[in-house]
Amino acid sequence: MSSLSASRRPHPALRWVHKQLFPNLLQSILTLATLGLLLWSVPKVLDWLIFSATFVGSSKADCVGGGACWLPVVNRIDLFVYGFYPDTETWRVNLAFVLAGAIIPLLYFKRIDRRWVLGYMMLLPFVMWWLLKGGLGLSSVSSTQFAGILVTVFLGVIGMLFALPMGILLALGRRSKKPAIKLLCVLYIELVRSVPVITLLFMASLMVQLFLPEGVTIDILARVLIVLVMFTAAYMAETIRGGLQGMAKGQYEAAKALGFSYWKTMSVIILPQVLRNTIPPLLTQFIGLFKETTLVVVVGVLDVVGIAMSTTSAPEWIGLEHEVYLFLAMFFFVICFALSRYARHLEKQLEKSR
Amino acid sequence: MNTVNEPRSVDADAPVAVRIDALNKWYGHFHALKNVSLEVKTGERIVICGPSGSGKSTLIRCVNQLEQHQEGDIVVLGQLLDDHPKRLRQIRREVGMCFQHFNLFPHLSVLKNCTLPQTANLGIAESEAMAYALKLLERVKMREHANKYPGQLSGGQQQRIAIARALCMRPKIMLFDEPTSALDPEMIAEVLEVMVDLAAEGMTMLCVTHEMGFARKVADRVVFMDQGEIVEQAPPEQFFSQPESPRTQQFLNQIINHGVTAG
Ligand SMILES: Nc1ncnc2c1ncn2[C@@H]1O[C@H](COP(=O)(O)OP(=O)(O)OP(=O)(O)O)[C@@H](O)[C@H]1O
Ligand SMILES: [Mg+2]
């Protein structure tokens, strides 16, 4: 840069700055403008979010710093996380979170036999259901006590893990040579994909009751779960179908020539390859499902959004919508962004291994 | 390469391994096989050649029903082929096949490629399957690569593994569909060597190949196909020195002019 500099070639970092930020006049102006905007806004935002914000206190009156008032979140964090789950049983929720989170490292380490991972993922929804809902030695917890992040994670994880096998079956069915099966799967997939989830949720909460005999009720959580599974499965089926179509014909032929049956061909030769290739898009679908779970609030299930809404309308915290919804946004952002980075990372790895 | 012992004539009354009778096959309206009849005795080595699109692949793929035919009968190891799925699987387990593009299972290690068909389809215990797979990998000189994945190996190596994998099913008949034509020239010899060994052991073989050196060395009969028909079949000496049909002569001329490996 400077004529005093001894070396002819500028430092790589400087070259990068030059090339990326100041390649021409227009770009330079934009860079400077952005820089100015950041310099002006970031301190303000940080100040509001953190430095002048109030984290400790017992009521709105304690918020005097002029910044954000995080008290409704801080003081109600148990409600946000565990909902109305019995206090003595919250360890079950924590354990369920840990078990669900364990999928990520399990997928990450390639040393672990894929069959174990698959087995774990198949068992997990049942274990989570049992842990959270109770029965078989655990005290039973009513669905009305489910609320907050608990519901979001419960619906997201169990929904995803049930949707995956169903999506696989639908994808296989759609490619079946048997016309009846094929037609059924196509109808199902296309029907579900052309209706908004929210409609399906209303149907589940209101209409299902019409068809059931008097006195028989299906748990509301089970009902919304079924809707989310049905919905996600239809989309996953399309992703997996794409993977199946991308499979080389030679793989089927080799399997056939070796005398593999249809189900063995699928389960040990085709699907392991397809699933490996479709993990990134499936993970993206999981992110979608995770966000979609917030819609259950319209049928009266209090997920994390429901708790936020009830918090903002509680008399003692009225007027603090910004903070509460910001917290909500950050919660979803952190999880979804991490998952989407992870999906991207897996995708890159797959590209490399080709 | 070791030469197969002369004389290579197969016992005249050896049992029939494959009998194809008046076979007709259409792809839509395209008549791909026209009234093809062929009998292969147990232990016989057949080389099928002919110009591109003449129906060679279609013919041998009918033998294990990777392609279904519309007319005519195919009897493999005494079993008339029909579309009964279970019987078909049974036949396929006794008929090995090697493909032009190997078609190994890329998500499985070399060893697993060889053991999985045994454990899944023959009900053989894992340990026994492993021992047998290693024996066959040794035979195709790939034992030291047993724990690698197909993607880490050269074409020639992959094809040898594909042969070992097919042999793991203890087949009585082996089908080869241009096993060397996707390979770089320097790898062709290593695959042919394995095939020559296999022939020397008395395996019944149907090979689609343009390797005329291989045909001369191991074939009991060379079958020439053109436009969906068998034009001529003869022992290799006769086939190469005095071809009868002008179409055969033309084909042989072309092959000689383009080098032995031309496809
Ligand atoms: N799945 C298919 N659908 C329609 N036509 C096909 C199909 N497979 C093969 N054919 C046609 O049938 C004819 C015979 O094909 P086949 O693959 O048996 O030829 P081949 O002798 O093996 O040729 P090559 O030396 O190029 O492999 C060709 O004309 C081909 O276009
Ligand atoms: Mg061919």
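Buried means under 20% relative accessible area, exposed means over 50%, and partly exposed is anything in between (1.4 Å probe, protein chains only). Keep that handy for the exercises below.

This is a predicted model, where local features need pLDDT of at least 70, side-chain atom pairs count only at pLDDT 80 or more, and totals for chains, interfaces and linings use all residues. Residues are numbered from 1 along each chain as its sequence is written, chains are lettered from A and ligands numbered from 1 in the order in which they are written, and side-chain values use heavy atoms, with hydrogens and water left out.

**Exercise 1.** Find the salt bridge between Arg193(A) and Glu238(A), and work out where its two partners sit.

*Solution.* 
- Step 1: Start with the general idea: side chains of opposite charge can pair when their charged atoms come close.
- Step 2: Check the cut-off. A salt bridge needs a side-chain nitrogen of Lys or Arg within 4 Å of a carboxyl oxygen of Asp or Glu. Here the closest N and O atoms of Arg193(A) and Glu238(A) are 3.8 Å apart.
- Step 3: Classify them. Arg193(A) counts as partly exposed because its relative accessibility is 30%, while Glu238(A), at 17%, counts as buried.
- Step 4: Look around. Both belong to a network of salt bridges that also takes in Arg174(A), Glu190(A) and Arg241(A).

**Exercise 2.** Which atoms of Ser54(B) and ligand 1 come within 3.1 Å of each other?

*Solution.* 
- Step 1: Take a backbone N or O atom of Ser54(B): an oxygen atom of ligand 1 lies 3.1 Å away.
- Step 2: Now try Thr58(B), where a polar side-chain atom is 2.4 Å from an oxygen atom of ligand 1.
- Step 3: Finish with Tyr27(B), whose side chain has an N or O atom 3.4 Å from a nitrogen atom of ligand 1.

Key:
Polar contact = N/O pair within 3.5 Å; in protein donor to acceptor, adjacent residues only side chain to side chain.
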